[in-house]
Amino acid sequence: MATLQKIFTPLEIVGDGVKRSLILFHVAILVLAWTFLVPDKTLFPSLGEVLVAWKDLWMKGLFFHILKTLQLCGTATLISIIVSCIVAYASTIPFFTPISLFFTKLRYNPIQGFTLFLTIMSGGGRNLQITLLVVFMSFYFITSLISVINDIPPEDFIRRKTQKMGNWKILWKVVILDRKDYLVEVIRVNLGIVLMMIVSVEAMDKNQGGLGSLLVDTGRGLNFPKIFALQLNILLIGIGLDMLLQLIFNSFPAQKKHR
Amino acid sequence: MSDYKIGKPIVTLKDVSKSFGNKLILRDVGTEKIPFVIYDINRADLSQGQTIAIVGESGSGKSTLFKLLAGIYPATKGSIEILDWEDNSKYQTVRGGDVGFVQQTYPLSRNQNVYEMLTDAAIQGNVPKNDRKSIIESYLEKWNLINQKFLAKNQLSGGQKQRVAIIEQLLCSHYLVIFDEPFSGLDVRNIEDVKNSFRKISSTSEINTIVFSAHDINLAVELADVVYVIGYERGRDGLILPGGTIVKKFDLMEMGLAWKELTAGHLEVASEIKNIIKT
């Protein structure tokens with residue numbers, strides 16, 4: 001009874017077991033509602049139709065499309081995070097600060113206008129997809145990383161200075177090494193934007209495959225069960241990646257809790 | 001009164017002022033009237049460094065003075081000369097790293113365990129590679145942190161964080177260590193721990209010197225050999241002059257009160273200091 005009261009009271013803290021039970025409960029309600037409350041012969045497909053559509057997609061090579069998407073996502077994220085780190089860490093050097101800050105403002109500039117230019121520059125195909133994702137993601141990564149750097153307490157720099165460290169070593173120790181967990185968090189937080197971009201980017205060259213190209217093709221056929229199956233698939237991949245990154249983030253010493 | 005001899009100056013401040021923009025924070029510290037010189041004090045048959053307290057109301061410039069002393073930023077005016085630890089016949093302008101500084105919040109690395117943090121400090125203090133492990137472990141034993149060796153910052157209690165921060169400074173071969181409000185927010189037991197830390201640092205080396213700030217005046221008078229009171233002076237027109245400065249110095253060694261348990265004499269000094277701060 002006390003637990004029941006707790007879960008409906010604002011700001012109450014509940015145990016991990018209760019949290020897990022609540023998640024399972026909500027998922028069960030969603031599945032039951034989808035199974036029994038969606039009327040037949042509407043545009044909104046039933047759970048059964050979506051599962052059949054998903055099985056059909058799987059038989060027709062969905063797995064390889066997922067691999068293509070993950071490969072594109074991984075490559076673009078890796079390049080983007082390297083570029084973003086260089087630009088963000090350079091913001092601590094006064095000469096480069098204005099350039100780094102300018103990059104954060106570029107996220108207000110829609111990239112669509114540069115698509116043709118980037119197509120010619122990158123040669124199209126896979127290179128164009130990677131370039132578009134890298135450019136798009138980097139603006140967000142740089143903004144988040146610079147925000148992390150700006151939030152470093154001055155006491156952290158003073159501590160290392162009193163340890164006889166020079167400015168370059170302080171940059172390495174305090175800004176880069178001591179905040180490495182935030183790199184994972186920055187990727188995790190911005191992952192949603194990447195997955196949103198995937199559809200547009202993969203649709204630009206459907207020959208390359210991937211979930212995005214599959215979704216555009218399916219959308220044209222107005223096959224709603226398949227569209228729902230693909231959307232659900234992308235959502236589950238996103239949740240999976242989010243959980244994996246959260247797990248990595250939690251493994252850093254900075255996230256260890258008081259005993 | 002304990003016998004002692006005043007040795008060579010370790011740190012000398014001369015007319016030190018600090019402004020941020022147009023705002024004067026600290027004014028003329030170390031004048032002819034009230035010199036600010038930290039000496040090497042020698043006591044017969046005892047290896048003990050000096051302990052200096054800085055007291056004053058909040059916002060009077062104690063932290064700014066500490067950051068100047070630690071060489072974190074330069075003085076706007078005046079000079080801070082420190083003994084060259086390598087060649088004791090020379091003095092140099094204080095630089096970041098010459099003086100240890102245990103900050104009020106005990107900042108530590110987020111992504112290192114205690115042993116890794118202390119290894120960093122030992123490297124910076126030029127502790128030979130072959131001796132590093134044994135020296136770090138002896139410090140961990142002495143400061144009762146051996147069971148926390150592989151714990152991260154967030155897994156340490158406030159007192160443990162403070163001890164790690166102190167060992168870091170000691171491993172960096174700092175003979176002069178500043179403590180910004182080390183007793184702030186501590187309970188009776190933790191205050192005793194900090195007092196023990198002071199004794200350990202003082203007894204480690206003859207020239208080890210502690211400079212600390214405290215709001216508890218009785219505690220400051222009990223622990224210090226010299227107490228500087230920082231506050232605001234009034235001009236001839238009666239108006240408060242901008243910038244905190246040293247308004248009074250109490251040499252407890254000279255007064256025969258240093259290195260003794262709390263006596264009525266200490267309480268009298270404490271009472272006088274409280275009156276100065278109030279006015």
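Which hand does the crossing of H7(A) and H10(A) have? The crossing is right-handed, a term that applies if the near helix is turned clockwise from the far one by less than a right angle, left-handed being anticlockwise.

## The model

This is a predicted model, in which local features need pLDDT of at least 70 and side-chain atom pairs count only at pLDDT 80 or more, while totals for chains, interfaces and linings use all residues. Residues are numbered from 1 along each chain as its sequence is written, chains are lettered from A in the order in which they are written, and side-chain values use heavy atoms, without hydrogens and water.

## Helices of chain A

The axes of H7(A) (residues 125-150) and H10(A) (residues 180-204) come within 9 Å and cross at roughly 155°. That makes H7(A) roughly antiparallel to H10(A), the word for angles over 145 degrees. Contact, meaning heavy atoms within 4.5 Å, involves residues including A:Phe136 and A:Tyr140 in H7(A) and A:Val186 and A:Met197 in H10(A). The residues of this contact divide into 19 nonpolar, three polar and one charged.

H7(A) also meets H4(A) (residues 62-90), the two axes coming within 7 Å and crossing at roughly 45°. H4(A) and H7(A) are therefore oblique to each other, and their crossing is right-handed. By class, their contact has 18 nonpolar, seven polar and two charged residues.

## Strands of chain B

In chain B, strand S1 (residues 4-20) runs antiparallel to S3(B), and seven bridges join them; strands pair if DSSP finds at least two bridges between them. B:Pro9 stands opposite B:Tyr39 in S3(B).

Strand S3(B) (residues 36-43) is largely enclosed by the rest of the structure, because six of its eight residues are buried, that is, under 20% relative accessible area with a 1.4 Å probe and protein chains only.

Technical notes
Buried means under 20% relative accessible area, exposed over 50%, partly exposed in between (1.4 Å probe, protein chains only). Helices (H or I, at least four residues) and strands (E, at least two) are DSSP runs, numbered from the N terminus. Axes are lines fitted to C-alpha atoms, for helices over the stretch in contact, and angles run from 0 to 180 degrees between N-to-C directions. Angles under 35 degrees count as roughly parallel, over 145 as roughly antiparallel, 65 to 115 as roughly perpendicular and the rest as oblique. Ala, Val, Leu, Ile, Met, Phe, Trp, Tyr, Cys and Pro count as nonpolar, Asp, Glu, Lys and Arg as charged, and the others, Gly among them, as polar.
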